[in-house]
Amino acid sequence: MASNQKFRDLQWVLQAFETESLNLHSISFYLSQPVSGCYQETENSMNINISTDCLEYFSLILIMLGPAKNTLLSLKNLEFHCVEWELQQVQNLGELLDSNLNIKQLVFRRNRFNEECLSEFSDILERNGAIKELMLCESHIGTVGATLLAYALKMNDSLEELQIWEDSIGSKGAEELSKMIEANSILKLLTIFDSRSITATPLISAVLARNRAMEVHVWSGESGDKSSKVVEFVPGNSTLRIYRIDVSGACRVACALGLNSTVTSFDMTGVRLKSRWAKEFRWVLEQNQSLKEVTLSKTCLKDKGVVYVAAGLFKNRHLERLHLDGNWFSGVAVEHLLCPLSRFSALQCQANITLRTVKFGGSRTKIGSDGLAAILKMLTTNETLTRLAIVDDQSMRPDDFFRIFKSLEKNASLRYLSLQGCKGIRGERVLQAIMETLQINPWIEDIDLARTPLHNTGKADAIYQRLGQNGKTEAEPENDLLKDMPLTEPKSCRVFFCGQEYAGKTTLCNSISQNFSSSKLPYIEQVRTLVNPVEQAVRTVGMKIKTFKDEGTKISIWNLAGQHEFYSLHDLMFPGHGSASFFLIISSLFRKPSNREPKTPMEIEEDLQYWLRFIVSNSKRAVQQCMLPNVAVVLTHYDKVNQTSQNLQAMVNSIQTLRDKFNGYVDFYPTVFTVDARSSASVSKLTHHIRKTSKTVLQRVPRVYQLCNDLVQILSDWRSENYNKPAMKWKEFAELCQTKVPPLRIRSRHDNKEKIEMRRRAVATCLHHIGEVIYFDELGFLILDCEWFCSEILSQLIKLEVRRQSSAENGFISRKELEKILRGSLQNQIPGMGSKVFENLEANDLVKMMMKLELCYEQDPSDPNSLLLIPSILEEGRGKPQKWQLSGADCLYAGRHLQCDDSSHMFLTPGFFPRLQARVLPYLTALPFHYLHFLILSFSFGSP
């Protein structure tokens, strides 16, 4: 190595090149040196010093290196220091580069080029196809040089790295380079150190606008200041960091980001921004599909600027992290910022569901009452945010943080909460609120209270300990988790009023209601329920439910609709297995209330027998019968009957015959109640029977989960707190269990959530069986107001005029068309009136409900756009000519008659045939369409 480093003269260098005795990878030229000579730093690198009086050697060496020599084929790097280039020397360099395509790197340090030399060098670059790296350091190429380089690199297809250090290419030079970037897709690294930071804007804008995977570093040292970085873009981690830029430049960068796909992280910390930039950035958020993280900390954004950013979040579907701490906005901006992350009604969708992290706060951020309200609304309704940071807040008081932690009890998505430096985190009340929240909410994994009064006094240790416990869980036994749920006697019983139209069921229910409240109104025994002529003429439409309290027992009367079109829904209302319920079959002694034409004993018998067969038919469907259905008969309009009528005794005999016939199928109450439905005194014995039978039935039916009785009151309180909502989503029910029902609470984020969910669904199903709610597992919601559901939804669904409002043929209709009809039919046209169905359920929910209740069926369940079959819109066969029937000698009809084995006690209920159509449809779809049409139509003609 010592001999290699020995200083030699330039003549030796020329001789060594001539004899090809060297194997060099790198040669560095140093001109204007005090002494000429050369030495080898390593076996493969050489430094050549040339003094001012020996400049001719520089050209000779370039010429000597020009011809392709075997020993110089390994040469890859050339460096030139302090060279004042002449045109001939540049041409010699060009010949060298043209002949040796192994040279990949050129470095010029403190060189000088005149315009003619720069032009020649530009031509060399344009035609060269080998050089990969070019570095110009303190070479004063200026705007002219940058322009010529840009022109050359538009054509060059090999250069991958361009570095221009400590030069001033000017804004025009930067613009020319930006045009080069638009045309050049080969360049991978661009480093600029300029005297002015303005050069960064066109360069980075071009890189972003053309989606170049080019690493960019721009430095600046304006007015002799210490150098600092202006822009940095690293494609490797897709991060764009802007350190310093003016407002117009920031707006230009924002425009370039709109359709960019290479940047995922955008950081402008410390850059002073205006609302004008925020307005442009709103468009970026609406259009860009690659940005995942945006950091706008300490950018001096005020309310207007944050409002623009918030507006962009409404349409954004890709951003995951947003940092806005250290800015100068108020509660108005906080309100707008959190609006797309919040819901303001049960049916409203959250506008932005991709944002996972939000950070704001700072000494100059004034959250105020508006901001606090927005935070509370977001925490109680948001379903996607996992990280929230409110840092260095000076404006909120301990009571405000108390409310924030209370709202977190209902939040199941947030995992990390940072309140660093917030002065309001102090006091026992806040500490207690945090501990209670962690007791209820197991999903929070970390709360950062650094630099808060609670942390500084050491009181936060208990919180950190509790957070550690939330991350642990004890091993649970593998036994059935439902077994440890205590059982108790149910406290609610249902009474089903069955009867034909005009039987007086509604009037009877009103009179019974008066009796239940007679303790408060002693004179009520003498009062008759007044029914005016209008009410007599207008029948009660749909099913109605009335509820009473009797010494801790809840009795609800379910008045089944007597109109024929509602008969197919009666099966749906039939009590489930083990439900506490009994039946009153109500029949009028007269054909119509407006005249005195009595029914014959045969008519009464047919009336009663229909409902007895209906009860027995549905009871047989139960998996297990713990007791026979309890049935009593009530005959109304008794006040109009002539006591000596011979028909009366015949009716008694007929009812006795029915009692004997159905013995062993139902528990027939021996007394037949004859009442004037309008008189509370007349129905007093019937009221006593209802009270007594309710208590008896409650003692005989299977016990229910104790939680069911507890949840009845909890659900009632929830409705009171939520504007008497008749329905709740399953998510809302899960939140209620988490906050109000400890046995149904997930205690740790590592708990077996599926088992807790199984408990909740078991309790919801139990509530459904006892008639407190209507719950279908697949639909994802609970009906809390059963009367609302029966009268405002089911009764409307069964009467849908689908054929008039659609192009439905042969019973088939598209899902979208059905949803449109549902909206038009169930939405009251009078402002302020109606059931407000669509404030609680969506049209899609109703379609799924119809499918669950088998009121409609998908033609192809595997196709999301499948047509739906609605049996109720098959009009043929309902007393109308059967249009599909053909007449002729060659026409034969074949069919199958369906009936129950025990047809004397049971029948195929009106709800059977629509369901049969739905069930057999999958087996018939393989048939030709016209055969399928005939078969579907034929099913609609079935009758009990």
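## Reading helices, sheets and confidence

Guide: Helix H12 and helix H13 cross in a right-handed sense.

Visitor: How many degrees separate the axes of H12 and H13 where they cross?

Guide: One compares the directions of the two axes and the distance between them. The axis of H12, residues 368–381, comes within 9 Å of the axis of H13, residues 398–407, and the two cross at roughly 15 degrees. Angles under 35 degrees count as roughly parallel, which makes H12 roughly parallel to H13.

Visitor: Which residues of H12 and H13 meet?

Guide: From H12 come Leu372, Ile375, Leu376, Leu379 and Thr380, and they meet Asp400, Arg403, Ile404 and Ser407 of H13. Sorted by class, the residues of this contact are 5 nonpolar, 2 polar and 2 charged.

Visitor: At what angle do the axes of H3 and H4 cross?

Guide: The axes of H3 (residues 87–99) and H4 (residues 115–127) cross at roughly 10 degrees and come within 9 Å. These two helices are therefore roughly parallel to each other. Among the residues of H3 in this contact are Leu87, Val90 and Leu97, while those of H4 include Cys117, Phe121 and Arg127. The contact of H3 with H4 has 7 nonpolar, 2 polar and 4 charged residues.

Visitor: Let us turn to sheets. In what order do the 6 strands of the open sheet stand?

Guide: Strands of a sheet pair through backbone hydrogen bonds, in a parallel or an antiparallel sense. Here the order is S21-S22-S20-S23-S24-S25, with mixed pairing. Strand S21 (544–550) and strand S25 (667–674) are at the edges with a single partner strand each, so one side of each lacks a neighbour in the sheet. From one strand to the next, the twist averages 20 degrees.

Visitor: How many bridges join S24 to S25, and in S25 which residue is the bridge partner of Asn630?

Guide: Strand S24, residues 630–636, runs parallel to S25 and is joined to it by 5 bridges. Asn630 has Asp667 in S25 as its bridge partner. Helix H22 (residues 684–700) packs on this sheet and touches S20, S21, S22, S23, S24 and S25; the direction of H22 makes about 155 degrees with that of S23.

Visitor: Is the pairing in the sheet of 3 strands parallel or antiparallel?

Guide: The pairing is antiparallel, and this open sheet has the order S27-S29-S28. Its edge strands, S27 (727–729) and S28 (774–776), each pair on one side only. Neighbouring strands are turned by 20 degrees against each other on average, direction ignored. S28 and S29 (residues 781–783) share 3 bridges, and Phe776 has Phe781 in S29 as its bridge partner.

Visitor: Which helices lie across strands of that sheet?

Guide: Helix H24, residues 730–740, lies across S27, S28 and S29 and runs at about 80 degrees to S27. Helix H25, residues 753–769, lies across S28 and S29, at about 135 degrees to S28.

Visitor: What is the mean pLDDT of the protein chain?

Guide: Where pLDDT is low, the predicted coordinates should not be read in detail. The chain has a mean pLDDT of 82, with 79% of its residues at 70 or more. Residues 519–538 have pLDDT below 50, and this stretch has 22 contacts in the model beyond near neighbours in sequence. Over residues 829–834 pLDDT also stays under 50, and the model has 3 contacts for them beyond four places in sequence.

Definitions and conventions. Residues are numbered from 1 along each chain as its sequence is written. This is a predicted model: local features need pLDDT of at least 70, side-chain atom pairs count only at pLDDT 80 or more; totals for chains, interfaces and linings use all residues. Side-chain values use heavy atoms; hydrogens and water are left out. pLDDT is the predictor's confidence in each residue, from 0 to 100. Contact means heavy atoms within 4.5 Å. Two strands pair if DSSP finds at least two bridges between them. Helices (H or I, at least four residues) and strands (E, at least two) are DSSP runs, numbered from the N terminus. Axes are lines fitted to C-alpha atoms, for helices over the stretch in contact, and angles run from 0 to 180 degrees between N-to-C directions. Angles under 35 degrees count as roughly parallel, over 145 as roughly antiparallel, 65 to 115 as roughly perpendicular and the rest as oblique. A crossing is left-handed if the near helix is turned anticlockwise from the far one by less than a right angle, and right-handed if clockwise. Ala, Val, Leu, Ile, Met, Phe, Trp, Tyr, Cys and Pro count as nonpolar, Asp, Glu, Lys and Arg as charged, and the others, Gly among them, as polar.
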